[in-house]
Amino acid sequence: MKIRQHLSHGDSLDRLYASAVAQDRTGSVIEAGALRALVLAASGREADALTALAGLLTLADPRGYVRVFADEGPPMAALLGRLIAAQRADQTATRVPLAFLARLQRAFGSACPVPGTRPARAAVPGLIDPLTGRELEVLRLVAAGRSNQDIAQELVVTLDTVKKHVSHILSKLGGSNRTEAVTRARQLDLIS
């Protein structure tokens, strides 16, 4: 059960966090800790929020946790920005690796999705099934010569997810390989 669901049932965030720490449930510690950092920031305890977030990020980095933070949307993006600024000014005790901070920033790079909406689709004459907004992003990176691994890192998704997007793109554009798909996309003015 997600942390937010626990909270809606009356459990306190501090109790959930302490329980997760005591039981050594890293994923739950990170998830509850992210909410806890936001609560600290919202209650005006900025220094405590930044310290809590920095500690969480050092725990999250080796495990690749990004989505937990990105899913919190603009409040977490703002808190992360303040942490990066504090770290640049040497005002944090805990140093979060710059590569991980950059990865988190990329995760916040696109607009936060609105619940209940579908990704934008590119309606193009000649295509029966239009490309989704994410497929267009992947297509542009493919056209730029990026590898699947590079695309996965840039978009903060798994390699399998990128492979699925590429497969969908090939199918929708009628290409048997990436080069044919890019050529067809250029013919349809999907990319320049």
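Reader: Which residues have the most contacts inside the largest nonpolar core?
Author: This is a predicted model, in which local features need pLDDT of at least 70 and side-chain atom pairs count only at pLDDT 80 or more, while totals for chains, interfaces and linings use all residues. Residues are numbered from 1 along each chain as its sequence is written, and side-chain values use heavy atoms, leaving out hydrogens and water. A nonpolar core is a set of buried Ala, Val, Leu, Ile, Met, Phe, Trp, Tyr and Cys residues joined through side-chain atoms within 4.5 Å; buried means under 20% relative accessible area, exposed over 50% and partly exposed in between, with a 1.4 Å probe and protein chains only. The largest core has 31 residues, and those with the most contacts (heavy atoms within 4.5 Å) inside it are Leu-53, Leu-57, Phe-69, Met-76, Leu-79 and Leu-83.

Reader: Which helix gives the most to this core?
Author: Helices (H or I, at least four residues) and strands (E, at least two) are DSSP runs, numbered from the N terminus. At least two residues of the core come from each of H3, H4, H5 (67-70), H6 and H7 (98-108). With eight residues, the most comes from H4.

Reader: How are H4 and H6 placed relative to each other?
Author: Two packed helices are described by the angle between their axes and the distance between the axes. Axes are lines fitted to C-alpha atoms, for helices over the stretch in contact, with angles from 0 to 180 degrees between N-to-C directions. Here the axes come within 10 Å and cross at roughly 90°. Angles under 35 degrees count as roughly parallel, over 145 as roughly antiparallel, 65 to 115 as roughly perpendicular and the rest as oblique, so H4 and H6 are roughly perpendicular.

Reader: And how many residues in the contact of H4 with H6 are charged?
Author: H4 brings Glu-46, Ala-49, Leu-50, Leu-53, Ala-54 and Leu-57, while H6 brings Met-76, Leu-79, Leu-80, Arg-82, Leu-83 and Ala-86. Ala, Val, Leu, Ile, Met, Phe, Trp, Tyr, Cys and Pro count as nonpolar, Asp, Glu, Lys and Arg as charged, and the others, Gly among them, as polar. The contact therefore divides into 10 nonpolar, no polar and, for the charged ones, two.

Reader: At what angle do H3 and H6 pack?
Author: H3 covers residues 26-42 and H6 covers residues 74-88, with their axes 10 Å apart. They are roughly perpendicular to each other, because they pack at an angle of about 80°.

Reader: Is Gln-87 buried or exposed?
Author: Gln-87 is found in helix H6 and touches Thr-92, Thr-94, Arg-95, Val-96, Leu-98 and Leu-101, not counting residues up to four places away in sequence. Its relative accessible area is 2%, so Gln-87 is buried.

Reader: How far apart in space are Leu-59 and Thr-26?
Author: Leu-59 lies in H4 (residues 46-60) and is partly exposed, at 27% relative accessible area. Leaving out residues up to four places away in sequence, Leu-59 touches Thr-26, Val-29 and Ile-30. Leu-59 and Thr-26 are 33 residues apart in sequence, but C-alpha to C-alpha their distance is 8.1 Å.

Reader: How far apart are the end C-alpha atoms of H10?
Author: The expected span of a helix is 1.5 Å times one less than its number of residues. H10 has 15 residues (159-173), so it should span 21 Å. That agrees with the model, where the end C-alpha atoms are apart by 21 Å.
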